[in-house]
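Please examine the sequence and the structure shown below. The paragraphs that follow lead through selected features of the two.

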Amino acid sequence: MSNRDRIFKAYLDDQRQSLQAPLASVLAFTEALLELATVSQTGGLKADVNKIATAAATMAEMLATISGLSKDSQTELSRLRHDLRNAIGLIDGYSDMLLEDCDDEEACEYIRQILHQSRLFQGRLEQFTLGDDDKSASDPIAAIFKSFKRGIIRDDREHMAASILVVDDNDSTRDLLAHQLQRQNFMVIEAASGERCLEIMRSAEPDLVLLDLVMPDMNGYEVLQVIRNDEALRRIPVVVVSGMQDEEGAVRCIDAGASDYLLKPVNGTLLRARIGASLEAKRWRDREREYLAELEKSQRFIRKIFGRYLSDEIVQRLLDDNDGLQLGGELRQVTILMADIRGFSALSQQLGPEQCVKLLNNYFGAMTEVIQRFRGTVDEFVGDGILVIFGAPLSDQDDCDRALACAVAMQLAIQDVNKLNRADNLPEITMGIGLNTGDVVAGNVGSELRSKYGVVGHNVNLTGRIESCTVGGQILASPATVAAASVQVLSGDKVTVSLKGMGDAVALTEILGVGMPYDLVLSPPLDDWQLSKNKMCLQLTLMAGKQTASKQYAVDVEARSGDRLRIRSAEPLPMLVDVSIDGFVVACYAKVTAQSAGTEFEYVLTLTSTSSDLQSALQSAFDE
Amino acid sequence: MPTILLVEDNEMNRDMLSRRLIRKGYEVLLAVDGQQGIDMCEQAKPDLMLLDMSLPVKDGWQVAREMKASAVLQTIPIIALTAHAMADDRQRALLAGCDDYDTKPVDLPRLLGKIEHLLGAAQ
């Protein structure tokens with residue numbers, strides 16, 4: 001084998017490998033796609049991905065013939081190109097359709113990668129020649145070296161010299177220009193016609209085009225027209241090189257979208273300066289485009305992160321409003337909603353961790369759906385508790401009304417949660433909700449690594465205390481919330497409690513429903529009072545630490561309706577305070593939820609957690 | 001909606017291109033070789049023919065020449081499709097009687113532009 005043959009063989013191997021690489025990537029991405037459930041479980045998508053894989057595999061097989069080419073295998077190369085272009089069309093076409101059909105973000109990213117690899121392949125294919133632009137060059141070896149020097153289109157454009165497409169139908173003019181540019185270390189691609197120019201622009205995406213005006217078939221003006229109407233091509237600057245020395249022609253070209261105009265014979269220094277300026281301008285535009293793409297990406301990110309806490313509508317409004325993204329700390333009036341599952345700690349001790357998580361998922365899933373419906377911001381899930389804000393990051397006239405309606409809707413939705421729980425063999429749950437309205441500090445709270453939008457302040461703590469006064473199924477609202485509501489509120493008893501940080505006597509309102517436009521009403525508890533048959537006495541201990549020091553009371557049970565006991569005490573009892581019922585094996589808790597209007601020291605005690613021995617004691621007191 | 005006859009021997013290409021055209025709202029008829037293409041033109045009178053130039057039985061060049069020689073069929077606009085991107089392909093296709101020409105891989109927006117242009121001119 002002669003030296004020339006050896007060099008040619010090495011050249012073919014290099015070309016074959018550079019064509020093989022993007023195909024291997026396409027195949028890898030199709031495999032990744034088929035691993036996605038969205039693709040593998042949808043017959044149509046799966047079939048189209050498989051067609052892409054088949055096309056890429058067939059193309060890879062076709063490339064084997066490259067090794068057998070010789071310098072005068074123009075016909076074979078032409079046929080190979082023909083077949084490969086057909087197959088590229090398949091990859092592109094099926095990918096485009098997949099993009100239309102698929103809304104899974106990850107899948108779409110893979111498909112775009114496939115399209116990118118296909119572009120890369122096509123660019124390399126169009127560049128692949130056996131000599132100088134498929135013409136039998138006078139010195140094929142020189143032509144091959146020239147091709148080597150030009151290199152092939154590579155992935156990382158950053159580290160590559162700018163590529164320039166020289167378009168001229170006159171071979172010697174084109175060669176001269178190409179030669180000048182190569183000396184200036186540009187990567188040069190040549191085209192002998194307007195048509196070919198457009199094809200190469202599409203496939204190889206050069207950084208700049210030097211365009212001759214007078215050409216057969218399609219002249220420079222026509223080429224400019226096509227470029228101007230093509231969004232992808234418009235990005236590539238075109239410098240017109242003309243033999244005609246007329247100002248009008250120059251103006252016409254600039255009008256048609258050319259970025260500059262040079263006269264023949266081209267002066268080397270001038271050429272370099274003009275090319276430099278056009279490339280610089282393109283770099284700025286590219287950077288701007290990248291910046292815009294980056295911006296879009298960060299908006300997607302914001303949507304994803306905030307989407308977990310906020311309704312779509314609020315995320316969109318945040319994105320639309322430039323100031324909305326500056327979520328610095330600020331004082332805002334909001335309505336705060338706090339909810340949690342009654343007796344959850346006791347419940348979680350009975351359940352295994354897996355069941356516990358299942359139960360919380362049923363609960364949080366249903367609640368988040370309701371909260372989003374009323375455009376609340378889920379600030380936090382803490383254990384079994386949910387903290388929701390109405391009025392931040394965006395405030396609205398009806399923040400308080402939506403919070404009230406949301407609370408009622410959440411209580412109503414607990415029925416669905418319990419239906420799920422029953423199906424999953426989990427215990428039923430009840431939830432209490434506290435509402436409060438007032439100023440809070442809202443903003444991004446946390447460290448740089450982990451920050452989230454949240455609210456802090458006295459009013460938040462107060463809401464927690466109000467919430468702790470509730471029993472299952474109950475909603476209690478602070479006076480501020482009741483005052484801020486413009487919707488009609490169906491309220492139950494007002495209960496006066498002393499809350500730390502709010503003074504001695506705070507009248508909390510029990511919310512039973514909200515009027516139009518929400519029109520939501522809680523189903524009232526069944527009043528089915530059954531009088532006790534045997535005397536039953538309970539020893540209650542006021543829970544220490546919350547409001548007052550622990551104190552004990554002895555009370556008589558007079559009647560029962562479900563979880564509620566009517567009791568008589570010898571002395572006044574504080575309202576809505578947790579008490580423990582002493583003397584049972586498992587700790588039992590209750591709350592004083594109402595005071596009888598007529599009789600002094602007669603109260604309703606609602607059980608918040610109970611035990612089997614308490615239940616059997618009650619049973620014996622009521623059923624003979 | 002206008003009817004397009006796609007004459008293409010490659011099965012995958014036929015499947016892909018016809019589906020893409022149907023998505024754009026066109027009615028699509030299919031023929032797998034040149035002779036079938038001409039026969040279907042006579043029967044179904046499509047509004048436009050998309051003609052792959054390298055076909056078995058009767059190639060695209062021959063099909064275009066016969067279509068334009070027929071008084072009945074010559075009004076049907078033809079767009080030649082070829083994966084050969086030689087400079088004189090366009091010239092040859094136009095000489096053979098094609099009304100327009102496009103290269104493979106097909107750039108769909110560009111092809112649709114040509115289709116709409118020809119359908120608009122035919123009306």
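In which strand of chain A is Leu331(A) found? Leu331(A) belongs to strand 6 (residues 330-341) of chain A, where helices (H or I, at least four residues) and strands (E, at least two) are DSSP runs, numbered from the N terminus. This is a predicted model, in which local features need pLDDT of at least 70, side-chain atom pairs count only at pLDDT 80 or more, and totals for chains, interfaces and linings use all residues; side-chain values use heavy atoms, with hydrogens and water left out. Residues are numbered from 1 along each chain as its sequence is written, while chains are lettered from A and ligands numbered from 1 in the order in which they are written.

Chain A contains an open sheet of five strands in the order 2-1-3-4-5, with parallel pairing; two strands pair if DSSP finds at least two bridges between them. Strand 2 (187-191) and strand 5 (260-263) of chain A stand at the edges with a single partner strand each, so one side of each has no neighbour in the sheet. Within chain A, strand 3 (residues 208-212) and strand 4 (residues 238-242) run parallel and are joined by four bridges. Leu211(A) stands opposite Val240(A) of strand 4. In general, strands of a sheet pair through backbone hydrogen bonds, either parallel or antiparallel.

The chain passes from strand 1 of chain B through helix 1 (residues 11-23) to strand 2, a right-handed β-α-β crossover. Right-handed means that, with the strands pointing away from the viewer, the path from the first strand over the helix to the second runs clockwise. Val7(B) has Ala31(B) of strand 2 opposite.

The backbone also deserves attention. Most residues other than glycine have a negative phi, and most peptide bonds are trans. In chain A, however, a cis peptide bond joins Met516(A) and Pro517(A), with omega about 5°. Pro517(A) lies in the loop between strand 13 (503-514) and strand 14 (520-521) of chain A. Another cis peptide bond joins Lys104(B) and Pro105(B), with omega about 0°.

Lys45(B), which is not a glycine, has a positive phi of about 45°. Lys45(B) lies in the loop between helix 2 (34-44) and strand 3 (48-52) of chain B. Its relative accessible area of 44% makes Lys45(B) partly exposed (buried means under 20%, exposed over 50%, partly exposed in between, with a 1.4 Å probe and protein chains only).
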